[in-house]
Amino acid sequence: MKKWMVLILMGATAASGVNNFFGIPILAEPKDDINAIIQNLIQGEYEKSGEHLRHLATTAPKLAKSIKLSDFTIPCADCAAEKDPDCEACNGRLKVIDSPALDYLQYKFDSAIEEGEKVEVAWRDAKKAFDIRKKQVPGRKVFQGTIIQIGQDAFVIKGVEGDIFNLMGCVTAGAQVGQPYVGYYWPMPKHPYTYTDGAGKSKTVKTYTLNLWWDY
Ligand SMILES: [Zn+2]
């Protein structure tokens, strides 16, 4: 075998990755461990998440110290109004691992890494965006109304009590004016909306979101 071929083969072996006892690539970078922590939590593999956090402690000790697996949970929205010891969503723990919430956290983290942010900064900013929404979770309420206007990812809804509000974070494809609409929403007090009716009269209405885990 020619010498250059041997070198290429050796290189290929090294690049295929050497895993530790837990199947974690020894060369995993901090960003890979953070992604693996999130992915394993989504899949219910809590022990694997813990191993990745321990691995992170060997490559980025300061960053790892700032992360606890419990930080990745969100309050149980079903128990927000009234704590239910038999709650099926949280088993009475009042906290849940929520896939859409973790997908959002991962999306914020990955986007920041792709923009060239350092892993510490990317994590700090992603966590901040996650925590802002996490605080809003218990504010969930039920609405019932009719679609009176269709916007981009948003509807204007007339509630059953005659109140008009803007609803963001909606899938608008296939929706029709006059269609009844029921669901859970969260208030967005910092996003008032100017609604103009058919007669051209404008007024400021409240905004809510159907999807908390969304950039608005
Ligand atoms: Zn609950």
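Mentor: Read along the sequence, this protein follows the pattern α-α-α-α-β-β-α-α-β-β-β-β-β-β. The model is a predicted one.

Trainee: How many helices and strands does the protein have?

Mentor: Six helices and eight strands. Helix H6 covers residues 119–136.

Trainee: How do you know what span is expected of H6?

Mentor: The expected span is 1.5 Å times one less than the number of residues, and H6 has 18 residues. That gives 26 Å, and H6 reaches 26 Å from its first C-alpha to its last, close to the expected value.

Trainee: Why are the buried residues of H6 said to line one face of the helix?

Mentor: Buried means that 20 or more other C-beta atoms lie within 10 Å of the residue's own. In H6 the buried residues are Val119, Ala122, Trp123, Ala126, Phe130 and Lys134. Seen down the helix axis, they fall within an arc of 95 degrees, so they line one face. Lys128, Ile132 and Lys135, on the other side of H6, are exposed.

Trainee: What covers the buried residues of H6?

Mentor: The cover includes helices H2 (30–42), H4 (61–65) and H5 (99–114), together with strand S1 (74–75). Over the protein, buried residues make up 25% of the 216 residues.

How values were computed: Residues numbered from 1 in each chain as written. Predicted model: local features only at pLDDT ≥ 70, side-chain atom pairs only at ≥ 80, totals over all residues. Helix = DSSP H or I, 4+ residues; strand = E, 2+ residues; numbered from the N terminus. Buried ≥ 20, exposed ≤ 12 C-beta atoms within 10 Å, placed from the backbone. Arc of directions from axis to C-beta. Contact = placed C-beta atoms within 7 Å.
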